[in-house]
Each structure stands twice: as C-alpha cells, then as structure tokens.
Amino acid sequence: MTEVLYEYQYTMYQSGTRHARPTTDEEKQHLDPSDPYHYNTHIYGGCDNYFNNGGYKSGWTYYGHTIGNPLFVPKGTHAATWTGKQLVLGVENNRLKAHHFSIAGKLFKKAPYKLMLTYSQNYGIYTKQYKGESQFEKDWGTVKETPLKQVSGAFVGEIPGLLKHFTVVYGLYADRGELLPDSFGASLGLRYSLF
C-alpha cells in the first residue's frame, strides 16, 4: 500500500432550516407596503438547496448526471423513474453525510490497484425528505432525521507484462443500500502500448 485517502462530506445544514419568516410589525414600519415581496416576509437565507436553481430547473445536472458531486443524485434516481429521454428537473438528494476511503498500491510490487469505498447517509432535500420527519422550518437539531443508507465500492487494477506490450486491466464494482438499486459489475480489458 502506497496511498491512503479519507474524505468526509457533510451537507446537512445548508445555512439553516428556514429561508424566510414573517416580517414583524416593527420591521414593517421601515418598509414600503406596496412591496409585497419584502413587506410581509423577511428573507435571511437558509435552505440553500445545493445544486438546484429556481431559474434553471435542471440545476447542476447533465443527461441524468450531477455535475461536480456524484453523491448528489438527480431527481428520479431513487424511484428509478428517470430515463435518458426525460429532462432532469434538478437534484433530489443534496443533504447527506458521507465517508469515502481509498487505498492504492502495487500487488506483488508490480501490479497497480486501487480500492475505493463510500458509505453515505442520504436525506433528500429540506422540502422533500426521503423518509421520516424533515428538519424544514423547524429549529436546527430538534428533529431526529432518518436517512437512506448506501455503500458503494470499486476495486480496479492492472496486470502488466503478461504478454509483450499488453496490460490486462480489470475492475469490480458494487452498490448496496436503500438509495440506489443493488448492483454489481465487472470489467476486463487489454491495453496495448507501443513502447
């Protein structure tokens, strides 16, 4: 083993559980009553809803994949209703806690490999919790939220020098949990080098 990596990702808070609150009578004294957007509502942020956008309904997605973070899944992924023929209307899971661990090295001092494992607890978004009660519009920490748990892993490597100029490349991949369908995959190939 020559390399070890550990990453922790936490996107639960998102600037708080409330985006706005009613304007107080004292605040209304300093506001224009003809401005319906600000007169009755005090906006102070919160419920950031990462990777979703009110103006661009697809958010940070492209052909059913989320740009920039593979743990944020597009709408329709959990329910398995998304197909390549549909427009993705944003991200359905951006509140999560995740641990990612990987090791890399060389087997028998000559065959490179990499093992990657990710364990995540997935909560959906503030306004649409996957299961259980949502923290939305409640004081932070007053609700014990219930996640969907997921484990994903991959083991990839190569075996050089079995044949002159050829390297065998392989991979084993798996997903198991409540967010995505359980799946297993494998790959095997040959890479040719001129030198």
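Colleague: What makes R176 and D182 a salt bridge?

Modeller: In this predicted model, the N to O distance between the side chains of R176 and D182 is 3.0 Å. The cut-off is within 4 Å, so the pair counts.

Colleague: Why is R176 called exposed?

Modeller: Its relative accessible area is 59%. Exposed means over 50%, so R176 gets that label.

Colleague: And why is D182 called partly exposed?

Modeller: D182 comes out at 46% relative accessibility. Buried would need under 20% and exposed over 50%, so D182 falls in between.

Colleague: What makes E178 and K131 a salt bridge?

Modeller: Here the N to O distance is 3.3 Å, and the limit of 4 Å is the one to set it against, so this pair counts too. The two residues come from distant parts of the chain, 47 residues apart: E178 sits in the loop between β13 and β14, K131 in the loop between β11 and β12.

Colleague: Why are E178 and K131 both called partly exposed?

Modeller: E178 has a relative accessible area of 37%, and K131 has 32% relative accessibility.

Colleague: Are R95 and E145 buried or exposed?

Modeller: Both are buried, so each has under 20% relative accessible area.

Colleague: How many salt bridges does the rule give?

Modeller: The count is 5.

Methods:
Residues numbered from 1 in each chain as written. Predicted model: local features only at pLDDT ≥ 70, side-chain atom pairs only at ≥ 80, totals over all residues. Heavy atoms only, no water. Buried < 20%, exposed > 50% of the residue type's maximum accessible area, 1.4 Å probe, protein only. Helix = DSSP H or I, 4+ residues; strand = E, 2+ residues; numbered from the N terminus.
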